[in-house]
Amino acid sequence: MQDTQNIPLIEIRNLKKYYPVKGGILPHTVGWVRAVDDVSFSMMRGETLGLVGESGCGKSTIGRLLVGLEEPTEGRIFYQGRDLSTLRKNPKEMRRIRTRLQMIFQDPYSSLNPRKQIYEILAQPMLYHEISRRDTIHRDLRRLLDMVGLPETVLGKYPHEFSGGQRQRIGIARALSLHPEFIVCDEPVSALDVSIQAQILNLLKELQAELKLTLLFIGHGLGAVSYVSQRIAVMYLGGIVEYGDAQELFAHPAHPYTKALLDAVPIPDPAEKNRPRQLLQGEIGSSAAPPDGCRFHPRCPWARPQCKNTRPPLQKVCSDPAKQSAFSHDTACPYGQEGSLSEWENIS
Amino acid sequence: MSHLLEVQNLTAAFAQEQGASISVDHVSFYVDQGEVVCLVGESGCGKSVTSLSLMGLLGKGGAVIDGSVFFEGKDLLRMPQAELDRIRGNELTMIFQDPLTSLNPVFTVGNQITESIRAHTGLSKKEAKERALGLLSQVGMPDAKETMKKYPHTLSGGMRQRIMIAIALSCNPRLLIADEPTTALDVTIQAQIMELLKKLRQDRNMSMILITHDIGLVANMADRVLVMYAGQIIEDAPADRLFAQPKHPYTRALLNTVPTIRDRDRRKLQAISGIVPERYDKITGCRFADRCPYRTDACSAPQKLYALSAGHTVRCAAAANSPA
């Protein structure tokens with residue numbers, strides 16, 4: 001038995017996922033969409049990592065790769081130190097592991113089968129994976145519904161009878177039903193009304209603490225992500241550009257893209273109406289033809305000639321090893337270290 | 001001084017199997033020249049129906065059954081169709097949430113802009129094209145000439161919304177209604193579009209009704225805020241005042257329910273329990289009562305709007321009478 005305390009629950013190394021682009025009269029592959037291009041990170045048990053970025057940056061693809069809905073083109077995913085690609089050769093073991101890795105989807109309307117009653121949606125997987133038995137299923141379902149704040153009467157109903165917030169609670173119950181350790185939450189509140197979002201965010205936070213879950217929280221609402229996450233990874237065009245403790249990253253962004261992203265979020269306070277902001281020009285590029293060098297350089301207000309040459313790797317923001325251990329903070333901008341951003345502000 | 005737009009007791013209903021359902025209930029407000037008024041609320045609260053009613057765009061099954069909408073002193077709801085057509089799209093225009101469905105997929109961008117210019121101004125083809133090019137560069141399209149030849153599907157969401165804004169601005173409107181103009185866009189693009197709208201408003205002294213559910217955008221844009229809940233305006237105040245002293249329990253909850261990146265103290269978000277009631281027009285008392293933490297027996301009586309100081313009104317007897 002390995003020591004599960006010190007190895008990460010989830011670790012990905014140099015993960016890549018390319019999708020072919022078909023074209024021509026006789027369709028053949030004319031190029032590749034590099035949805036995820038060389039991403040590495042690890043998550044300890046009980047940690048919540050927020051993955052933020054704009055649409056098309058590859059954040060949802062990472063989520064789908066982690067729960068096994070997609071297979072990586074290259075790179076490895078480790079679950080408790082074991083390589084998922086070798087585990088795939090052992091279907092029985094893989095089946096068991098899949099129950100430990102679950103997902104909550106963005107759209108609670110399309111992710112529940114409209115022809116099935118909630119009883120079937122929740123009970124079938126539990127019986128199939130032998131989490132519960134025929135004689136205990138009702139007790140287990142009651143407990144499950146209680147956790148997500150739904151009454152037992154929902155079991156006989158169909159998905160269309162529920163509001164968006166209730167459906168998302170059912171989606172959460174389904175993810176929890178197989179007693180997972182790790183849940184990918186793919187924009188779980190984006191489709192919900194503001195007054196309902198807080199209910200779901202609070203529920204996820206409570207469940208995470210109560211069940212010691214490890215969560216990957218994907219979102220583009222920075223407020224919601226920072227509310228639930230201890231660490232944040234910022235993605236741009238298939239790669240992570242900044243990674244660090246949530247408080248530190250938001251207080252001292254060390255990548256121009258993160259800074260622009262924070263500046264773009266409207267603050268709900270009229271006094272902030274005219275705060276100085278660095279707005280980005282142009283739009284997110286295409287993952288099918290990403291720019292050379294730093295992928296952010298065409299939009300970067302501080303780009304220098306050398307930014308076009310090589311793609312910068314993630315590096316520690318703090319060069320002082322004594323301080324490094326206090327918090328983690330990495331940036332993919334070679335000029336983002338130690339207060340350089342204030343220097344940038346002087347330039348601009 | 002009369003207002004640019006004055007809406008009085010606007011009431012709109014939709015036909016349903018069980019009879020008409022009133023989705024906008026006696027809504028009154030005004031917009032002055034150069035002012036940005038934000039209409040805030042959750043989906044289904046009637047904010048879009050309000051704006052569509054103003055424009056006479058309710059469509060099948062819906063109708064304005066009471067009230068009046070005075071634009072520059074004339075009632076839009078009771079004027080001849082020809083006059084309405086002249087004002088609409090000319091002095092009063094609208095942009096929508098989803099720019100892809102609002103643009104015609106089989107015509108080029110240039111075609112659609114020049115068409116709307118020519119329909120309203122009688123300029124020649126060449127003059128209309130000149131003006132279209134000018135508008136496209138005003139809304140920040142990088143290569144206006146090239147863009148004129150493109151079809152909507154080849155443009156990104158942000159670009160499409162810029163085209164919609166260019167079309168809306170083509171006849172120098174006095175009032176622009178923007179219905180969730182950036183909800184479908186990414187946050188950095190949203191910031192660009194909002195900055196553009198701010199600038200256009202300044203340059204042209206244009207008034208704007210901005211419909212949104214994003215409290216952050218409201219704080220960023222609004223001069224005055226109307227909060228809607230279940231078909232009624234429940235609070236109306238200048239923006240600074242609304243954020244500093246929200247009165248209605250729903251407004252207070254709405255301001256507290258949004259997680260922001262500045263909330264680093266990790267307080268628990270205040271959630272509003274329950275959901276917006278269906279068929280809210282059947283509720284006789286306060287429509288927020290069943291979700292309200294401060295509910296009393298008095299709340300089962302119909303609530304009227306109470307005027308406080310400094311242009312602040314609230315539809316809650318308890319909030320109006322409380323000292324702070």
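Reply: A disulfide here is a pair of cysteine sulfur atoms within 2.5 Å, and the model to which this cut-off is applied is a predicted one.

Me: How do you know that B:Cys316 is too far from the closest cysteine sulfur for a bond?

Reply: The closest cysteine sulfur belongs to B:Cys299 and is 6.3 Å from that of B:Cys316; a disulfide requires the two sulfur atoms to be within 2.5 Å, and therefore the distance is too far for a bond. Over all chains the structure holds 0 disulfides. B:Cys299 is likewise in no disulfide, its nearest cysteine sulfur, that of B:Cys286, being 5.7 Å away.

Me: Why is B:Cys299 called buried, and why does B:Cys316 count as buried?

Reply: Buried means under 20% relative accessible area. B:Cys299 has 15% and is therefore buried, while B:Cys316, at 10% relative accessibility, counts as buried too.

Me: What makes the radius of gyration of chain A agree with that of a compact globule?

Reply: For 348 residues, a compact globule would have a radius of gyration near 20 Å, and because chain A has 22 Å, the two agree. The C-alpha trace of chain A spans about 70 × 55 × 55 Å along its principal axes, and buried residues make up 53% of the chain.

Me: Which residues of helix α3 in chain A are buried, and what covers them?

Reply: In this helix, which runs over residues 91-100, A:Glu93, A:Met94, A:Ile97 and A:Thr99 are buried. Their cover includes β4 (74-79), β5 (82-83), α2 (84-87) and β6 (101-104) of chain A.

Methods: Residues are numbered from 1 along each chain as its sequence is written. Chains are lettered from A and ligands numbered from 1 in the order in which they are written. This is a predicted model: local features need pLDDT of at least 70, side-chain atom pairs count only at pLDDT 80 or more; totals for chains, interfaces and linings use all residues. Side-chain values use heavy atoms; hydrogens and water are left out. Buried means under 20% relative accessible area, exposed over 50%, partly exposed in between (1.4 Å probe, protein chains only). Helices (H or I, at least four residues) and strands (E, at least two) are DSSP runs, numbered from the N terminus. Contact means heavy atoms within 4.5 Å. The radius of gyration is taken over C-alpha atoms; the globule rule is 2.2 Å times the number of residues to the power 0.38.
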